[in-house]
Structures are given as C-alpha cells and as structure tokens.
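Please go through the structure shown here together with the report that comes after it.

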Amino acid sequence: MRVPGGADIATGGVLLAVENVSLAFGGVKAVTDVSFDIRKGEIRAIIGPNGAGKTSMLNIINGFYQPQHGRITFKGETRSKMRPHDAAKGGIARTFQNVALFRGMTSLDNIMAGRTLRMNKNLFWQLLRFGPAMNEEVEHRRRVEEIIDFLKIQEIRRTPVGRLPYGLQKRVELGRALAMEPELLLLDEPMAGMNLEEKEDMSRFILDVNDHFGTTVVLIEHDMGVVMDLSDRVVVLDHGVKIADGTPDEVKRTQAVIDAYLGVAH
Amino acid sequence: MDLAYKILIDPFMQMGAAPDLLVQTLWEGLVAGVLYSLIALGFVLIFKASGVFNFAQGIMVVFAALTLVGLHELGIPAFVALFLTIVVMFGLAFLVERLMLRPLVNQPDIILFMATFGLTYFLIGFGELVFGGNPKKMIASELYLPSGAYDIKMFGGFVSLQKIDIAAAVIVSLMVLFLALFFQKTRIGRALRAVADSHKAALSVGISLEQIWVVVWFAAGIVALVTGIMWGARSEVSFSLQIIALKALPVLILGGFTSIPGAIVGGLIIGVGEKLGEFYWGPLLGSGIESWLAYVIALVFLLFRPQGLFGEKIIERI
Amino acid sequence: MFYREAGQFKTTYQADQAVFPILQDRIGLAVILVGAFVFIPFAASDFFINVIMIPFLILALASIGLNILTGYTGLLSLGTGGFMGVGAFACYKLTTFFPGVNVIVWIFVSGFFATALGILFGLPSLRIKGFYLLVATLAAQFFLDWSFIRIQWLTNYNTSGAIEVPTRTLFSVPLTGPNATPQLRYLVILAIVTLLTWLASNLVHGRIGRMWMAVRDMDLAAELIGIPLYRTKLLAFAISSYYCGVAGALMVFFWYGSAEPGVFNIDQSFTILFMVIIGGLGSLTGSFFGAALIYGLPIVLKVGLHGLGWNILPATIEHLTFMTVGALIVLVLIIEPLGLARLWQITKQKLRVWPFPY
C-alpha cells in the first residue's frame with residue numbers, strides 16, 4: 001500500500017487551501033469567512049468548542065455541503081462546486097462523528113466497499129464472477145487483508161458491523177477510509193467515546209498511516225492531549241470563525257483560544 | 001398538430017361551452033377529495049405520533065364500516081351499534097399496540113411499515129371471514145344522515161349537490177379543527193409530538209409509549225369509522241375501498257406526511273385533478289385513467305418539490 | 001455434527017471469496033440440483049410438477065427480482081406485478097411477430113422490455129426515497145395494469161382481452177401451449193431459474209452487490225466513498241425489473257397458458273413483496289423460502305383442513321390464508337426482521353458448534 005503524495009512530505013507543498021469560505025443554513029451561520037491550508041503529509045487538527053463549525057468544515061471539504069462563498073483549491077484545482085463522489089475520486093476519504101458504517105454488511109465487505117472506486121470490471125464479468133472479475137476481487141481482497149492486519153481486526157472479518165462494539169466500529173470505519181488509499185484523510189472525532197487504551201491504539205494507527213503511507217490527515221478531536229501530541233498544526237474555530245492557526249504550542253498560548261475554551265464574560 | 005389541439009385546447013373549449021358540467025365535475029372532485037383527505041388524515045395522525053407509516057388505514061376504514069353495518073344487521077339499534085363499533089376500534093388499537101408495536105419498538109421505520117402490510121392482510125382475511133366478501137349498504141338514514149340532493153340552477157343548466165356530501169364536508173371540517181386543537185393545546189398532544197420525534201427520547205422523559213400509541217391508533221380508528229360511514233353512505237361498503245385507499249399515498253406526497261392541513265389540501269387537489277383529468281382528457285386515452293392519474297400527478301409534483309406542499313425542507317446531517 | 005468446517009482451510013483468497021465457502025453447503029446444493037433436474041421430472045406426478053414446482057420456481061424468480069431492489073438496495077417497490085406483466089406481454093408480442101425464433105430466446109429478450117420500463121419508473125429515485133418512492137412504483141403498477149387492459153394491440157385485439165399462449169416447439173417438441181408436457185415445461189423453467197439465480201448470486205457477492213448494500217445501509221456514506229448513488233439505484237431497478245419480466249413471461253407461457261389482463265394487478269405485487277419479507281430481505285436463498293411458504297401455505301391449509309375432515313369452502317380457505325400470511329409477516333418481523341433466511345443461517349451457525357452453545 002503506497003499512496004501518491006507520500007514523496008512530498010519533505011517539500012510540504014499545499015495540498016488543499018480553503019479561502020474565505022462561508023456557509024449558512026437559513027439564518028444560522030455555520031462557518032464564516034474561514035481560510036486555512038493543509039500541507040502535504042501533515043496532520044492538521046481542527047479544534048473548537050461544540051457547535052464551532054468543525055464538522056461543517058469537513059462536510060464542505062468533501063463536497064457534502066456547498067459553501068455560499070469562498071473557494072477551495074485541492075491539488076492545485078480550484079472549485080466552487082463538487083459532489084461528494086467527485087471528492088472521493090479526487091482522493092478524499094472520511095470517517096464520521098457518529099459511525100456511518102454499512103450496518104448490514106460484514107467488516108470485510110465494508111472495507112471492500114471502500115475499494116469500489118478502484119474496481120472497474122464491468123457488469124458482464126461481474127455476472128459471471130469469473131476471469132477478470134474474480135482476479136480483481138482477489139487482488140483487492142489482498143489489499144483489504146493488509147488493512148485488516150494493520151488495524152488488527154482479523155477476528156471480526158465476518159461479523160456484521162451492526163453487532164460490533166463502538167470502538168471496533170470506529171476501527172472498521174477507519175479501515176474503509178484507508179481502503180480508498182486516500183491522499184487526504186478526514187477524521188471526525190475518531191476517539192470520541194473511547195477509553196484510554198483504545199485511544200492509544202487509535203493514535204498509533206493515525207500516526208502510522210501518516211508516517212508509512214504519507215497520507216495527509218485532517219483531524220477533529222476534543223481530547224486536547226491527543227491533539228497536541230499528534231498534530232503538526234492546529235486550526236481553532238469558534239462560532240464558525242477562525243480564531244487561531246499554528247503549531248500546537250502557538251495555539252495553546254493564544255488568548256482567544258483560552259477565552260473560547262474557558263469562557264470570558266462577553 | 002391535431003393531437004396537440006385535442007390535448008391543449010379542446011378540453012378547455014368544452015369547459016367553456018358547458019360551465020355547469022365543469023362545476024359539477026369540480027364538485028365531484030372535491031367530494032372524492034374529501035374522502036382521500038380523510039384517509040390521509042388517519043395516516044398523518046399515526047405518522048405524526050409514532051413515526052409509523054400505517055398502510056392499514058384503508059382496511060381499517062372498511063373494517064370499521066363493516067363492523068357497524070354488521071352489528072346493525074344483528075338487530076342492534078344504530079346508535080348502540082355505533083358505540084359498540086367505537087369499542088371495537090379501541091380494542092383493535094389496544095391489540096395492535098400490544099401484539100405488533102410493542103415488540104417492534106426501536107426497529108427501523110421500514111420494518112414497522114412492513115408490519116402494517118401484515119396487519120392489512122390480516123384484517124382483510126378476518127373481515128371477510130366474519131362479515132363475508134359481499135358489499136353492504138351503509139345504515140345512513142338510521143344514523144340521521146341526510147339524503148337527496150340540492151339542484152342549483154347555474155349557467156343555463158343545473159348542478160346537483162348531494163346533501164350527504166355537504167354533511168361530509170362539515171363533519172370533516174369539525175374533525176380537523178378538533179384534532180388541530182388536540183395536538184396543539186393538550187398535554188397528550190405534546191407528548192404525541194415528542195414521541196414522533198424520537199421514541200427513545202420520549203421514553204427517557206417519562207412518556208408512556210404504550211398509552212400514546214393506543215390513543216393515537218384509537219383516534220385513527222375513529223377517523224376510519226367516520227370515513228367509512230361517509231364513504232358507505234355515498235356508495236357501499238366493500239373491500240374494493242382498500243385499493244382506493246392507496247390513493248391516500250399521493251395525497252400525502254402532496255401534503256407532506258406530518259401536516260394535517262396538508263392532508264386536506266392534498267386530498268382536494270388530487271380529487272379535483274383526477275376528476276377533471278378523467279372527464280376532459282380521459283377519452284383521449286381510452287378512459288379509466290383515474291386509476292393511475294393521482295400517482296402520476298404526485299410523481300410529477302415530487303420532482304419539483306420533494307418535501308411536499310407543507311413539509312419542511314430537510315437538511316441532511318452526517 | 002456433520003455440519004463442521006473444521007479442517008477445511010482456505011489457502012487462496014479466491015477460495016475464501018467463493019459464494020459457498022463451506023464444503024457441506026456445496027454438497028447440499030449439488031444434491032438439491034440433482035434432485036431437481038433428475039429426480040423430480042422422472043419420479044414426481046404431473047400434479048406435483050404443475051401445481052407445486054412450476055409455480056414455486058417462477059414465484060421464486062420474481063422474488064429474487066424484487067429482493068435485488070428491496071432487499072439488497074433498500075428501495076421499496078409495489079410495481080412488481082406491472083413489471084412482470086411487461087415481460088409477459090413483450091414475450092407474447094415478440095413470439096407472434098417472429099414465430100420462427102425459439103420462444104426461449106424471446107423469454108430472455110422480453111426481460112429487457114421490463115428493464116426499460118423499470119429504469120423509466122426508477123428515474124425519480126434520484127430525488128425521492130423511502131415511502132415517497134413507493135408512490136413512483138405504485139404509479140408504475142397502476143399505469144401498466146391499465147395499459148394491459150386498455151391497449152388492445154398488446155393482446156392482438158383478442159375479443160376476450162386475454163392472451164392465449166400459442167404452441168411453440170423446440171425440435172418439433174411442443175414447449176408451450178396446451179400440448180406441452182409438464183415435465184418439459186418444468187425443465188425449461190428450472191434451467192432458466194437456475195441460470196438466473198447463479199448470475200444474481202455472482203452479482204450480489206461482488207462489487208455491485210456491495211454497492212447496492214452500501215446504498216441500502218447508508219446512502220450518504222456510500223456517496224462519500226465514491227459510489228454514484230443514482231447509477232447504482234438505476235442499475236438495481238434495471239436488473240430487478242429484468243428478473244421480474246422474465247418471471248412474468250415464464251408465468252404466462254409455461255404456467256398459466258393464458259392470461260387475463262388482471263393477473264398482473266397490485267395483488268401480485270403484494271404477494272411477491274410478502275415472499276421477500278418473509279423469506280428474508282437481502283437473501284437469495286430467502287427468496288426461495290419465501291416463495292415456498294407463501295405459495296405453499298394455502299395448499300397446506302386446504303389439504304390439512306380437509307385431512308382433518310373439515311369441509312371448508314374455498315373462500316374460507318382464502319380468508320384464512322390472508323389472516324395467516326398477515327400474522328406471519330408481523331411474527332417474522334418481530335422474531336427476526338431478516339426473515340427465514342436469517343433463521344436458517346442461525347440454525348447453521350448452531351449446527352457448526354453443536355452440541356456446544358458457542
């Protein structure tokens with residue numbers, strides 16, 4: 001498993017830039033005039049209090065919401081509108097705050113589904129499940145098994161994911177995203193509701209993905225310890241507005257961030 | 001060219017030439033629409049309060065009407081039979097809650113929906129077993145429902161309004177008013193809305209799901225009974241109504257699944273659209289288009305406004 | 001005890017991705033196929049073949065069609081009867097236009113007409129889902145049902161409004177029509193159903209099946225991993241309708257022998273839907289279970305009640321069937337929403353570890 005983009009870690013060119021993006025639902029402003037960039041090969045955290053617009057930001061990046069204003073440049077290409085499956089084709093993968101797995105399918109099938117875009121044998125061969133279609137199936141199964149080994153979920157391969165405990169579901173979901181071999185991986189609270197041990201495991205997986213495959217990671221997380229340890233740079237949002245941007249240490253010292261988290265008298 | 005003329009111009013020429021016929025057709029449409037509205041109302045009631053799409057509403061109408069007529073045939077006076085039918089509908093609501101809804105709490109909506117298919121088939125079989133499959137005559141005069149018609153002179157012809165239809169319109173209006181007040185103003189009404197939003201959340205604040213479900217299925221049963229009486233008084237009580245009841249679906253599409261005014265307006269639109277279509281455009285296609293026109297109207301409408309006339313636009317979250 | 005997979009190791013992913021990875025399942029399937037192809041045509045009575053096997057296979061095929069749409073892709077449909085009718089009438093028109101071509105060819109071709117209409121009525125599925133989509137399929141059902149009655153060209157202007165299946169032969173042996181033997185008709189149906197079931201099984205176990213199930217389980221997430229929702233749904237409509245169309249054509253040509261226009265009404269759609277629900281949503285095996293149960297129930301009721309010495313009117317049997325089917329649906333949904341197929345799987349799972357609970 002090798003991902004394009006891995007070679008660029010050293011150069012740290014900009015993979016994705018968000019410029020002056022605003023999004024509102026009716027009268028509710030979710031994101032207001034936010035700009036930041038994501039460099040190749042980094043782990044970029046987005047933090048902020050509840051309702052700060054973090055998830056909306058991810059939804060904008062992978063085309064699920066269309067921002068009313070602003071531009072997004074991904075791999076040098078500027079766009080104003082993009083459908084989610086175009087984003088997927090472009091190499092953006094995603095996990096969700098509330099696990100969004102295919103509940104009726106096994107872990108294996110969930111992760112195999114992540115390879116859909118890379119499978120292209122047509123209906124005719126699919127009907128026969130023979131020759132090229134079977135070869136393709138087997139080749140992708142091998143890739144998926146690598147992911148299963150990597151995430152240490154061998155024993156739940158054949159279990160329908162609806163029956164798995166929450167922590168394992170999160171792992172399978174990460175597996176499905178990895179199966180897409182993304183250039184940019186968006187993780188929405190990958191550690192929510194986990195105990196310390198599970199958090200450590202998950203942190204290790206994220207670092208490994210970043211190190212070994214060179215995948216750029218955008219991470220939303222509430223656990224400040226995790227954020228400070230994992231991320232290269234941090235964006236802080238509050239009420240849909242960017243209030244800080246920089247390395248974890250810089251951000252920690254910013255007055256606006258301290259205010260947003262501890263609260264000040266307005 | 002000829003076809004375009006027949007579709008686009010000729011029907012309107014006919015309408016202009018015989019306005020009394022047009023008014024009569026419109027009236028027929030409105031009356032049919034009231035029936036659709038009533039059935040849709042039963043759907044909305046249950047959907048609002050339990051999130052269950054009750055496919056069995058149509059057969060409940062038939063079942064209620066048959067029970068009423070059947071009891072009367074046994075020699076029970078009309079109003080006693082009416083009371084007993086209400087008791088039967090309560091029993092039905094109770095059993096449905098106990099045997100079907102309670103074991104299925106927290107299942108996906110689609111499972112509950114499919115369970116109501118089962119209920120439909122059960123009631124069809126049960127109804128036919130008990131009351132026989134033959135159409136019956138509604139005991140309209142025994143219930144002091146008016147019969148006969150007003151003939152109103154208009155546009156050089158006359159329009160005939162059935163008294164029973166006027167009575168139906170009045171009764172429906174009163175019922176809708178009552179239901180709206182019930183939903184908005186009472187404690188049970190608030191609880192109903194809470195349950196509709198989320199079963200689990202409602203349970204957690206101490207609302208008794210069992211009670212609510214019995215209440216709302218009972219209310220839907222009463223609506224079904226009223227529908228059955230009105231419909232039976234116009235034609236007859238038979239199982240074929242079950243198929244007609246499916247037309248409540250396009251009505252709901254137009255009106256939105258949770259809106260009582262929507263159900264009424266949707267029903268009237270479908271009723272009128274259908275009758276106009278059948279009368280003026282039907283002959284072009286060999287008539288009988290009433291059987292599918294309602295669905296096609298709803299389908300076309302859906303493409304432009306997926307959330308219905310009164311429904312709110314849904315923002316999808318993930 | 002005999003159903004153990006111990007010692008059966010998979011050394012290739014190909015073997016592990018097989019549709020029946022367990023040896024005993026493959027043996028069981030082989031036994032069933034041999035029985036169906038060899039034993040039944042020779043040993044079973046005409047009555048058994050005509051009244052049990054032929055309807056069962058055809059209804060199972062239609063259930064597979066609907067299961068692809070409803071069970072695998074999560075799109076509820078009440079238009080099955082209509083699509084079956086399209087297949088039947090297409091086949092009738094084709095074989096009267098081109099009587100020289102073998103009728104089996106036309107059976108397969110007629111499915112494509114159903115596909116075309118399936119796609120047409122599936123078009124709204126881009127914007128609407130769930131209960132709303134049900135209305136689109138009802139529109140299809142009622143419109144098609146109406147067409148079968150009103151468009152007399154479809155029945156070759158037959159005054160009765162029904163279609164009579166003409167005699168068609170293969171190597172001058174009659175396949176359809178009044179002179180065809182039940183054994184031969186049965187074998188044709190069995191071959192077609194086996195072939196189409198095999199193809200469907202290939203499909204649902206591969207990429208396309210996963211795309212369908214992904215759309216069913218969570219359409220938004222499916223879109224975000226790059227599955228084009230609209231195309232996936234339309235493909236499900238297309239293939240589902242093909243199966244229904246072929247089943248409809250088989251029904252008229254190899255079972256009924258003639259068809260009133262009312263055959264493909266909404267009740268037909270309900271029957272097939274119930275087979276899918278009871279058999280198991282998202283299971284091909286379940287489609288066979290469901291067809292057997294729903295079709296077999298009235299027969300069992302009739303024979304059973306007569307066996308008890310009760311003389312019961314046919315109408316009463318029908319009413320009892322309705323009640324039983326209705327109650328069964330609710331019961332199955334309560335016990336196991338995924339139907340008989342899931343119960344079968346659980347049983348197999350228990351057998352694997354028997355006599356231990358785990």
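The sections below cover the basis of the model, the sheets of chain A, and then chain B.

## Basis of the model

This is a predicted model, in which local features need pLDDT of at least 70 and side-chain atom pairs count only at pLDDT 80 or more, while totals for chains, interfaces and linings use all residues. Residues are numbered from 1 along each chain as its sequence is written, and chains are lettered from A and ligands numbered from 1 in the order in which they are written.

## The antiparallel sheet of chain A

Four strands of chain A form an open sheet in the order 2-1-4-5, with antiparallel pairing; strands (E, at least two residues) and helices (H or I, at least four residues) are DSSP runs numbered from the N terminus, and two strands pair if DSSP finds at least two bridges between them. At the edges lie strand 2 (28-39) and strand 5 (77-79) of chain A, each of which pairs on one side only. Neighbouring strands of this sheet are turned by 20° against each other on average, direction ignored, where axes are lines fitted to C-alpha atoms (for helices over the stretch in contact) and angles run from 0 to 180 degrees between N-to-C directions.

Within this sheet, five bridges link strand 1 (residues 14-25) of chain A to strand 4 (residues 69-74) of chain A in the antiparallel sense, and V18(A) stands opposite I72(A) of strand 4. Helix 1 (residues 54-61) of chain A packs on the sheet and touches strand 1, strand 2 and strand 4 of chain A, its direction making about 65° with that of strand 2; here a contact requires C-beta atoms, placed from the backbone, to lie within 7 Å.

Strand 8 (residues 216-220) of chain A is largely enclosed by the rest of the structure, because five of its five residues are buried, a residue being buried if 20 or more other C-beta atoms lie within 10 Å of its own, exposed if 12 or fewer, and partly exposed in between, with C-beta atoms placed from the backbone. Both faces of strand 8 are covered, with T216(A), V218(A) and I220(A) on one side and V217(A) and L219(A) on the other. Strand 8 runs parallel to strand 3 of chain A, to which four bridges join it, and parallel to strand 7 (residues 184-188) of chain A, to which five bridges join it.

Strand 3 (residues 43-47) of chain A also pairs in the parallel sense with strand 9 (residues 233-238) of chain A, over four bridges, and A45(A) stands opposite V234(A) of strand 9. Strand 9 is in turn joined by five bridges to strand 10 (residues 241-246) of chain A, the two running antiparallel. In the hairpin of strands 9 and 10 of chain A, which has two residues between the strands, H239(A) takes a positive phi near 50°.

## Chain B

Chain B contains 14 helices and two strands. Its radius of gyration is 21 Å, close to the 20 Å that the globule rule gives for 318 residues, so chain B is as compact as a globular protein of that length; the radius is taken over C-alpha atoms, and the rule is 2.2 Å times the number of residues to the power 0.38. Of the 318 residues of chain B, 44% count as buried.

I59(B) lies in helix 4 (residues 57-73) of chain B and counts as buried, because there are 24 C-beta neighbours inside 10 Å. Not counting residues up to four places away in sequence, I59(B) touches T120(B), L123(B), I124(B) and Q242(B).

How values were computed
Contact = placed C-beta atoms within 7 Å.
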